[in-house]
Amino acid sequence: MKIGVLGLQGAVREHIRSIEACGAEAVTVKWPEELDALDGLIIPGGESTTMRKLIDKYNFMPSLKQFAAEGKPMFGTCAGLILLAKQVVGYEEPHIGVMDVKVERNSFGRQRESFEADLDINGVADNFSAVFIRAPHIVEAGENVEVLAKCNGRIVAAREGQFLGCSFHPELTDDHRLTAYFVKMAAEAKEKPAAV
Ligand SMILES: NC(=O)CC[C@H](N)C(=O)O
């Protein structure tokens with residue numbers, strides 16, 4: 001299994017380490033052409049506005065949309081979730097805009113900009129220690145979206161078919177179970193590619 005991490009900005013190295021810990025091959029993606037060889041792509045946390053600028057600068061947008069249209073699995077963590085979402089509160093246009101969720105940025109308030117919480121993530125773990133850093137949350141989820149976890153009543157992890165998104169940073173701890181869940185999604189999609 002070959003999993004890429006969009007390597008323009010943010011917590012790239014930590015995701016690479018986590019993918020390798022799951023026994024898959026990890027690739028830091030610097031150029032759009034590199035997406036072709038991948039079975040799945042992780043869009044890391046960082047700063048969504050900065051990452052968007054770099055996506056445009058390096059002409060990544062058409063290839064990212066194509067990757068999604070081919071049914072290939074994509075996993076957005078924190079800023080990556082904001083990039084995948086079809087709607088972002090306060091913005092007229094989404095970024096990549098492929099996952100049927102509406103997200104709000106920096107939604108856990110100033111005094112709690114960073115915190116850790118123990119989460120029950122459906123199908124993944126019932127004791128996942130999640131690190132939140134100026135995290136977004138999912139305000140609305142479309143009908144085909146499966147809510148995987150909530151924190152303080154807010155949706156913080158969800159899956160819609162080929163798309164996985166979470167508000168927190170699963171790569172910042174040694175708990176690789178959510179990454180392993182994504183690697184499994186990629187393996188399943190490879191076995192049974194979506195009709196394009
Ligand atoms: N840790 C993160 O990825 C923070 C996301 C950041 N607050 C944003 O809006 O893009």
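Mentor: Start with arginine 134, which is partly exposed because 16 other C-beta atoms lie within 10 Å. Buried means 20 or more other C-beta atoms within 10 Å of a residue's own, exposed means 12 or fewer, and partly exposed is in between, with C-beta atoms placed from the backbone. This is a predicted model: local features need pLDDT of at least 70, side-chain atom pairs count only at pLDDT 80 or more, and totals for chains, interfaces and linings use all residues. Residues are numbered from 1 along each chain as its sequence is written.

Trainee: Where is arginine 134, and what does it touch?

Mentor: Arginine 134 is in the loop between β8 (125–133) and β9 (137–141); strands are DSSP runs (E, at least two residues) and helices likewise (H or I, at least four), numbered from the N terminus. Not counting residues up to four places away in sequence, arginine 134 touches Asn106 and Glu113. Contact means C-beta atoms, placed from the backbone, within 7 Å.

Trainee: And arginine 105, which loop has that?

Mentor: The one between β6 (99–104) and β7 (114–121). Arginine 105 counts as partly exposed because it has 19 C-beta neighbours inside 10 Å.

Trainee: What does the UniProt "binding site" annotation cover?

Mentor: The unreviewed entry lists Gly46, Glu47, Ser48, Arg105, Ile133 and Arg134. They are spread over 89 residues of sequence but cluster in space, with a largest C-alpha distance of 12.9 Å. UniProt positions are in the numbering used here, feature names are shortened, and annotations may be inferred rather than shown by experiment.

Trainee: New topic: which residues of helix α1 are buried?

Mentor: In α1 (residues 12–21), they are Val12, His15, Ile16, Ser18 and Ile19.

Methods
Two residues are in contact if their C-beta atoms, placed from the backbone, lie within 7 Å.
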